[in-house]
Amino acid sequence: MAPPGIKLIQKVSSTRAFARVAPHFIPAMDRAVHRLTRGKVLVSAQMLPGLILTARGAKTGLPRRTPLACMPEEEAGTWLLIGSNFGRPGHPAWTANLLAHPDADINWKGEDVPVTARLLESAEREEAWAAALKFWPPYATYQARVEREIRLFRLARR
């Protein structure tokens, strides 16, 4: 059972107001704190594990740094990324970047790690989605709010 504080955060993060505000505030805050602490701290990772994804832009090819919540799959040594976009209609830009350029880098707990991303489909996606819902139940609210299927990526070390 989740501690009371986490339950409250999950409830707040499921609201439409949070979906309007969070995409503008949380990534900017995470980028600044991550840079100031030289990769040691991500503020949002105090609630959920987080990493900084550096992927080449789908159109420009330029490096794009995006702070993201993730689900570490510790036994496999992989990470699951959920393209929820806080339950907003469009896919987040970082998902298009990974589709176009699956080789990327992450900063995980201050360590730079080269990774390859793979979009999960079919039964593999269903299994990962079930695990993601146990990990962070608000993903179900995000999916119910949008017509698109939320993209899931598995990152593995290169």
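Predicted model: local features only at pLDDT ≥ 70, side-chain atom pairs only at ≥ 80, totals over all residues.

Q: How do I read a helix pair? At what angle do the axes of α4 and α5 cross?

A: Take the axis distance and the crossing angle together. Helix α4 covers residues 122–135 and helix α5 covers residues 138–145. Their axes come within 7 Å and cross at roughly 120°. The two helices are therefore oblique to each other.

Q: Which residues of α4 and α5 meet?

A: From α4 come Arg 125, Trp 129, Ala 132 and Leu 133. From α5 come Tyr 139, Ala 140 and Gln 143. By class, this contact has 5 nonpolar, 1 polar and 1 charged residues.

Q: Next, charges. How many salt bridges does a search of the whole structure find?

A: The general idea is brief. Side chains of opposite charge can pair when their charged atoms come close. Here the whole-structure search finds 7 salt bridges.

Q: Which residue pairs with Asp 103, and where do the two sit?

A: Arg 158 does, with 3.7 Å from N to O. Arg 158 is in the segment after β7 (151–157), while Asp 103 belongs to strand β5, residues 103–108. Asp 103 is partly exposed, at 43% relative accessible area.

Q: What does Arg 157 pair with?

A: Arg 157 forms a salt bridge with Glu 111, and the closest N and O atoms are 3.6 Å apart. Arg 157 is partly exposed, with a relative accessible area of 47%. Glu 111 is partly exposed too, with 40%.

Q: Is Arg 125 buried or exposed? Which residue does its side chain meet in a salt bridge?

A: Arg 125 is buried, with a relative accessible area of 8%. Its side chain meets that of Glu 149 at 3.5 Å, N to O. Arg 125 lies in helix α4 and Glu 149 in the loop between α5 and β7, so the pair ties together parts 24 residues apart in sequence. Glu 149 is exposed, at 51%.

Q: Which residues are linked in a network of salt bridges?

A: Glu 73, Arg 118, Glu 124 and Arg 154 are.

Q: Now burial. Which residues of α3 are buried?

A: Look at which way they point, as well as at the list. Trp 94, Thr 95, Asn 97 and Leu 98 are buried in α3. Down the helix axis they fall within an arc of 160°, so they line one face of α3. Their cover includes β1 (50–56), β2 (63–69), β4 (78–83), β5, β6 and β7.

Q: What is Asn 97 in contact with?

A: Asn 97 is in helix α3, residues 93–100. Its relative accessible area is 9%, which makes it buried. Leaving aside neighbours within four places in sequence, it contacts Ala 55, Arg 56, Gly 57, Ala 58 and Arg 64.

Q: Last, the backbone. What is the phi of Asn 85? And of Ser 122?

A: Most residues other than glycine have a negative phi. Asn 85 has a positive phi of about 55°. Ser 122 also has a positive phi of about 55°. Asn 85 is found in the loop between β4 and α3 and is buried, at 15%. Ser 122 is in helix α4 and is exposed, at 57%.

Conventions
Residues numbered from 1 in each chain as written. Heavy atoms only, no water. Axes fitted to C-alpha atoms, helices over the stretch in contact; angles between N-to-C directions. Helix = DSSP H or I, 4+ residues; strand = E, 2+ residues; numbered from the N terminus. Parallel < 35°, antiparallel > 145°, perpendicular 65-115°, else oblique. Contact = heavy atoms within 4.5 Å. Nonpolar A, V, L, I, M, F, W, Y, C, P; charged D, E, K, R; others polar. Salt bridge = Lys/Arg side-chain N within 4 Å of Asp/Glu carboxyl O. Buried < 20%, exposed > 50% of the residue type's maximum accessible area, 1.4 Å probe, protein only. Arc of directions from axis to C-beta.
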